[in-house]
Amino acid sequence: DRRKLTQDLLQIRVLLEPPIAALAAQNASEEDLRKLEEILLEVEELIVRREDYSQKDSQFHAQIAACTHNTVMSNLVPVITEGVRIFASTVRETEYVQTLASHRAIFQAIKEKRGTDAQEAMTYHLMYNRNRYMEEEQEETGL
């Protein structure tokens, strides 16, 4: 059930990824940040061209987990974010703009070692996606 899977993934992501972003801000090395920025720029380029960015989006979130230097998170998040690809296949125009802004804010906070801000930026990003998904579900079901 695609709908149930997406709802479950969004729920788990909201629980796990904001503290992961905070831990990434605390533990990221210069090399980690270089990789994260490289992926961010690739996502941004795909968005500007209005191309499918879902695979790079998953890589961005996986790299944030890698920045934590926590092996459990580095292995867990890629599994969870793979579900992003299912969700991202229905991207609306406004999502391009929101993704650009959110990813940039998350990256800047991690780069500047601002853990609380990284956590808040990730929470905002994920809650926006969750709310957007819920709105789409309501439109589809007519509720």
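**α1 against α6**

I started with how helix α1 (residues 2–27) sits on helix α6 (residues 115–141) in this predicted model. Their axes are 6 Å apart and cross at an angle of about 170°. Anything over 145 degrees counts as roughly antiparallel, so that is what I wrote down for α1 and α6.

Next I looked up who touches whom. On the α1 side I noted Arg-3, Thr-6, Gln-7, Leu-10, Arg-13, Val-14, Glu-17, Pro-18, Pro-19, Ala-21, Ala-22 and Ala-25. Facing them from α6 are Gly-115, Ala-118, Gln-119, Met-122, Thr-123, Leu-126, Met-127, Asn-129, Arg-130, Tyr-133, Glu-137 and Thr-141. Sorted by class, this contact has 12 nonpolar, seven polar and five charged residues.

Buried or exposed, or something in between? Met-127 has 28% relative accessibility, so I put it down as partly exposed.

**Aromatic pairs**

I searched the whole structure for aromatic pairs and got one. It is made by Tyr-53 and Tyr-96: ring centres 5.9 Å apart, planes at 55°. Stacked would need under 30 degrees and edge-to-face over 60, so this pair goes down as tilted.

Where do the two partners sit? Tyr-53 is in the loop between α2 (30–48) and α3 (54–67), while Tyr-96 belongs to helix α5 (residues 93–111). The pair therefore ties together parts that are 43 residues apart in sequence.

I checked accessibility for both rings' residues. The cut-off for buried is under 20% relative accessible area. Tyr-53 comes out at 5%, so buried. Tyr-96 is at 13%, so buried as well.

Tyr-96 has another neighbour worth a note: Arg-50 lies over the face of its ring, at 4.5 Å from the ring centre.

**Positive phi**

I went on to positive phi values outside glycine and noted two residues. His-69 has a phi of about 60°. I found His-69 in the loop between α3 and α4 (71–88). With a relative accessible area of 52%, His-69 is exposed.

Lys-113 also has a positive phi, near 60°, and is a residue other than glycine. Lys-113 is in the loop between α5 and α6. Its relative accessible area is 43%, so I logged Lys-113 as partly exposed.

**Sequence gap versus distance in space**

Last, I took some C-alpha to C-alpha distances. Lys-113 came up again here: Lys-113 and Met-127 are 14 residues apart in sequence and 22 Å apart in space. Met-127 is the α6 residue from my first entry.

How far apart in space are Glu-31 and Cys-67, given 36 residues between them in sequence? I got 9.3 Å. Glu-31 is in helix α2, and at 38% relative accessibility Glu-31 is partly exposed.

Asn-75 is part of helix α4. Asn-75 has 58% relative accessibility, so it counts as exposed.

Terms used: Residues are numbered from 1 along each chain as its sequence is written. This is a predicted model: local features need pLDDT of at least 70, side-chain atom pairs count only at pLDDT 80 or more; totals for chains, interfaces and linings use all residues. Side-chain values use heavy atoms; hydrogens and water are left out. Axes are lines fitted to C-alpha atoms, for helices over the stretch in contact, and angles run from 0 to 180 degrees between N-to-C directions. Helices (H or I, at least four residues) and strands (E, at least two) are DSSP runs, numbered from the N terminus. Angles under 35 degrees count as roughly parallel, over 145 as roughly antiparallel, 65 to 115 as roughly perpendicular and the rest as oblique. Contact means heavy atoms within 4.5 Å. Ala, Val, Leu, Ile, Met, Phe, Trp, Tyr, Cys and Pro count as nonpolar, Asp, Glu, Lys and Arg as charged, and the others, Gly among them, as polar. Rings of Phe, Tyr and Trp (its six-membered ring) pair if their centres lie within 6.5 Å; planes under 30 degrees apart count as stacked, over 60 as edge-to-face and the rest as tilted. Buried means under 20% relative accessible area, exposed over 50%, partly exposed in between (1.4 Å probe, protein chains only). A charge sits over a ring if NZ of Lys or CZ of Arg is within 6 Å of the ring centre and within 35 degrees of the ring normal.
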